[in-house]
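Please read these notes with the model open beside you. They go point by point.

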Amino acid sequence: MNATFAEIGDAIARHQKFLVLSHMRPDGDALGCEIAITLALQKLGKDVTAWNEDGMLAKLRFLPGSDSVAKPTETPLDFDVVLVLDTAVQERVGTPLKSIGSAKIWINIDHHHSNPEYGDLSYIDSKAPATGQILFELFTALGWEIDAAMAENLFVAISTDTGSFQYPSTTARTYEIGAELIKRGADVGRISRDLYDSYPLRRIQLLRSLLNELTFSSDNRVASFALTQAAAQSIGVIPEDNEGLIDHIRAVEGVIVAIFFEELSGKDSGRIRISMRSKDPKVSVSAICQQFGGGGHILAAGARMRGTLDDVRRQVLETTDHEIRSHA
């Protein structure tokens, strides 16, 4: 059962030392929300730390306040309140969990329908297109001033999770909030240039490599491509480079489900990261990913599986084919 905004506001008012977290392999919604609430809490005079397993992404360093997000410390620290944003399951926070010595209260704010409401206070709105939209409503309900820096971070959070205000989850309220954020100082032209028109050359080289091995299955209703570690190393890409590339194959006429497979390295070596997108609400990629230990939204979900790329790809494509033939 959701906590109320008033209950969350009361918990924040009664404590001083905060840790803000979001999921590993963060996107614009995760980091935009982390920065926005960090700035808000700092304005309230709170002692705030913001961690992400991957630190701050290079492509989002243009965000005001981006230097507030760091990788976790090796030595565990104690906090009054841990705020977890945009993270469907607690384990998706990753390594920062090991750097928390103690916390009096956990607050969980998210928009993934598969979120089990972990935390002492949870606010989960699966109809919200982005956690950034929930934070705007929270800040407004609590009477917190949203300055230009906070507005830009919330705008990026919402824009990136709605495909620039295009996905079906986008509502009239989403546009109203976007307009409010512009009124409060979000510079749409500059944000769009930095966010969508400033990709490194290696990202295009990566896209070319992926398209060269693009495959279609299930009567051309499923499009998939895969990134091996060998290919990633030869191009010199970093993990953040592949975010959004799946949209290129999702956009193909007739394709219902797009899938991106990625061989992971380092501490995740031996695992395959799976990202899925659906264009038909009757085909829930969240339901498919849950069968492999993942989750997310009906139209956008992910999972991580142990195994070889070929074996994982075969299993996921077979399950997806079954779901499409059953529901589409």
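1. Where is Ser164 found? Ser164 sits in the loop between α4 and α5. Helices (H or I, at least four residues) and strands (E, at least two) are DSSP runs, numbered from the N terminus. Phi of Ser164 is near 60°, a positive value in a residue other than glycine. Ser164 is partly exposed, with a relative accessible area of 30%. The classes are buried (under 20% relative accessible area), exposed (over 50%) and partly exposed in between, using a 1.4 Å probe and protein chains only.

2. A word on the basis. This is a predicted model: local features need pLDDT of at least 70, side-chain atom pairs count only at pLDDT 80 or more, and totals for chains, interfaces and linings use all residues. Residues are numbered from 1 along each chain as its sequence is written, and side-chain values use heavy atoms, with hydrogens and water left out.

3. Now the helices flanking that loop. The axes of helix α4 (residues 148–161) and helix α5 (residues 172–183) come within 9 Å and cross at roughly 150°. Axes are lines fitted to C-alpha atoms, for helices over the stretch in contact, and angles run from 0 to 180 degrees between N-to-C directions. The two helices, α4 and α5, are therefore roughly antiparallel. The angle classes are roughly parallel (under 35 degrees), roughly antiparallel (over 145), roughly perpendicular (65 to 115) and oblique for the rest. The crossing of α4 and α5 is left-handed, that is, the near helix is turned anticlockwise from the far one by less than a right angle.

4. Which residues make the contact between α4 and α5? On α4 they are Ala151, Leu154, Phe155 and Ile158. On α5 they are Thr174, Ile177, Gly178, Leu181 and Ile182. Contact means heavy atoms within 4.5 Å. Leaving aside neighbours within four places in sequence, Leu181 also has Phe136, Ile146 and Ala186 among its contacts.

5. The largest nonpolar core has 52 residues, and Leu181 is listed with Leu41, Leu83, Ile107, Ile109, Leu135 and Phe139 as having the most contacts inside it. Helix α2 (residues 28–43) gives the largest share of this core, eight residues. Apart from this core lies another, of 22 residues, including Val257, Ile272, Ala301 and Met305. A nonpolar core is a set of buried Ala, Val, Leu, Ile, Met, Phe, Trp, Tyr and Cys residues joined through side-chain atoms within 4.5 Å.

6. Next, the sheet. Six strands form an open sheet, parallel in its pairing, in the order β3-β2-β1-β4-β5-β6. The edge strands β3 (69–70) and β6 (121–124) each pair on one side only. Two strands pair if DSSP finds at least two bridges between them. Strand β1 (residues 17–22) pairs with strand β2 (residues 47–51) over five bridges, and Leu21 stands opposite Trp51 in β2. Five bridges also link β1 and β4, with Val82 of β4 as the bridge partner of Leu19. Eight bridges join β4 to β5; there, Asp78 stands opposite Ser102 in β5.

7. Helix α2 lies across β1, β2, β3 and β4 (77–85), running at about 165° to β1. Helix α3 (residues 131–141) touches β4, β5 (100–110) and β6. The direction of α3 makes about 95° with that of β5.

8. Is β4 mostly covered or mostly open? Seven of the nine residues of β4 are buried. Phe79 lies in this strand and is buried, with a relative accessible area of 3%. Not counting residues up to four places away in sequence, Phe79 touches Lys17, Phe18, Leu19, Thr49, Trp51, Ile100, Ser102, Ala103 and Lys104.

9. Seven bridges join strand β10 (residues 271–278) to strand β12 (residues 300–306), and Ser275 stands opposite Gly302. Strand β11 (residues 295–296) pairs with β12 over two bridges, and a hairpin joins β11 to β12 through three residues. The bridge partner of Gly295 is Gly302.

10. Last, another positive phi. Asp219 has a phi of about 55° although it is not a glycine. Asp219 lies in the loop between β7 (215–217) and β8 (222–227). At 60% relative accessibility, Asp219 counts as exposed.
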